[in-house]
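Hello,

Have a look at it first, then read on.

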Amino acid sequence: MKHKYIADILLLSFISFVFTANASENKSVKDENVSAKIIESDASIAENSVAIEFAKKGKKIYDSYCIRCHGPKMINPGTVTYDLRRFPEDQKTRFMNSVAKGIKQMPPWGNKLSMEEIDLIWQYVLTDGKI
Ligand code: HEC
């Protein structure tokens with residue numbers, strides 16, 4: 001009878017040991033997830049502010065070269081000119097090509113602007129003129 005009692009105590013303490021070990025393991029996994037999320041959101045804030053800096057540079061170039069046809073803040077003046085706010089965001093290559101080489105009534109810009117400058121205008125186009 002006494003042996004049974006000791007065995008029960010041993011079993012109980014073993015179970016509670018396993019429980020606490022598991023619980024603290026779960027907690028540290030949770031902590032890791034939280035800090036991973038914080039790092040992730042820091043990175044995206046940094047990425048966004050870099051993107052906004054690029055977009056602002058692009059806006060300056062846009063205002064010098066493109067505004068007279070495509071309108072202030074890309075708001076289409078109601079002519080045949082393409083509304084850049086509607087340019088598909090997944091077609092960067094098309095944008096780079098059309099701007100550098102020209103398309104139909106639009107003259108080419110590749111001789112006046114570098115590809116880096118056209119890339120900056122692209123960053124501005126991605127904001128839909130909202131900066
Ligand atoms: C002289 C007027 C004029 C200027 C200045 C101008 N554009 Fe255009 N742009 C147009 C017209 C007109 C179209 C429509 C062309 C067509 O018929 O498809 C157009 C179309 C576009 C398109 C759509 C191309 C496509 O693939 O469909 C993009 C992108 C574009 N312009 C970007 C720019 C950028 C960036 C600048 C400044 C560097 C600029 N444009 C300056 C007149 C102009």
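Lys104 counts as exposed, because it has 7 C-beta neighbours inside 10 Å. For that term, a residue is buried if 20 or more other C-beta atoms lie within 10 Å of its own, exposed if 12 or fewer, and partly exposed in between, with C-beta atoms placed from the backbone.

Before going further, please keep in mind that this is a predicted model: local features need pLDDT of at least 70, side-chain atom pairs count only at pLDDT 80 or more, and totals for chains, interfaces and linings use all residues. Residues are numbered from 1 along each chain as its sequence is written.

Lys104 lies in the loop between α3 and α4, and its phi is near 45 degrees, a positive value in a residue other than glycine. Lys73 also has a positive phi, of about 55 degrees, although it is not a glycine. You will find Lys73 in the loop between α2 and α3. Lys73 is partly exposed, because it has 17 other C-beta atoms within 10 Å.

**The chain as a whole**

The chain has four helices and zero strands, which gives the pattern α-α-α-α along the sequence. Helices (H or I, at least four residues) and strands (E, at least two) are DSSP runs, numbered from the N terminus. Of the 131 residues in the chain, 11% are buried. Among contacts with a separation of 6 or more, 66% are between residues 24 or more positions apart; two residues are in contact if their C-beta atoms, placed from the backbone, lie within 7 Å.

**Around the ligand**

Which residues come nearest to the ligand? Of the 20 around it, they are Cys66, Cys69, Ser98, Lys104 and Met106. Here a residue is near a molecule or strand if its C-beta atom, placed from the backbone, lies within 6 Å of it. The elements that give two or more residues to this shell are α2 (67-70) and α3 (92-101). The largest share, four residues, comes from α3. By class, the shell has 13 nonpolar, four polar and three charged residues (Ala, Val, Leu, Ile, Met, Phe, Trp, Tyr, Cys and Pro count as nonpolar, Asp, Glu, Lys and Arg as charged, and the others, Gly among them, as polar).

**The core and α4**

The largest nonpolar core has eleven residues: Ala55, Tyr62, Cys66, Met74, Leu84, Val99, Ile118, Leu120, Ile121, Tyr124 and Val125. Such a core is a set of buried Ala, Val, Leu, Ile, Met, Phe, Trp, Tyr and Cys residues joined through C-beta atoms within 7 Å. Two or more of its residues come from each of α1 and α4 (115-125), and α4 gives the most, with five.

In α4, the buried residues are Ile118, Leu120, Ile121, Tyr124 and Val125. Seen down the helix axis, they fall within an arc of 155 degrees, so they line one face of α4; the arc is that of the directions from the helix axis to the C-beta atoms. Met115 and Glu116, on the other side of α4, are exposed. Apart from neighbours within four places in sequence, Ile118 is in contact with Met96, Val99, Ala100, Trp109 and Leu113.

The C-alpha atoms of Lys60 and Ile121 are separated by 8.5 Å, though the two are 61 residues apart along the chain. Lys60 is partly exposed, because it has 13 other C-beta atoms within 10 Å.

Best wishes
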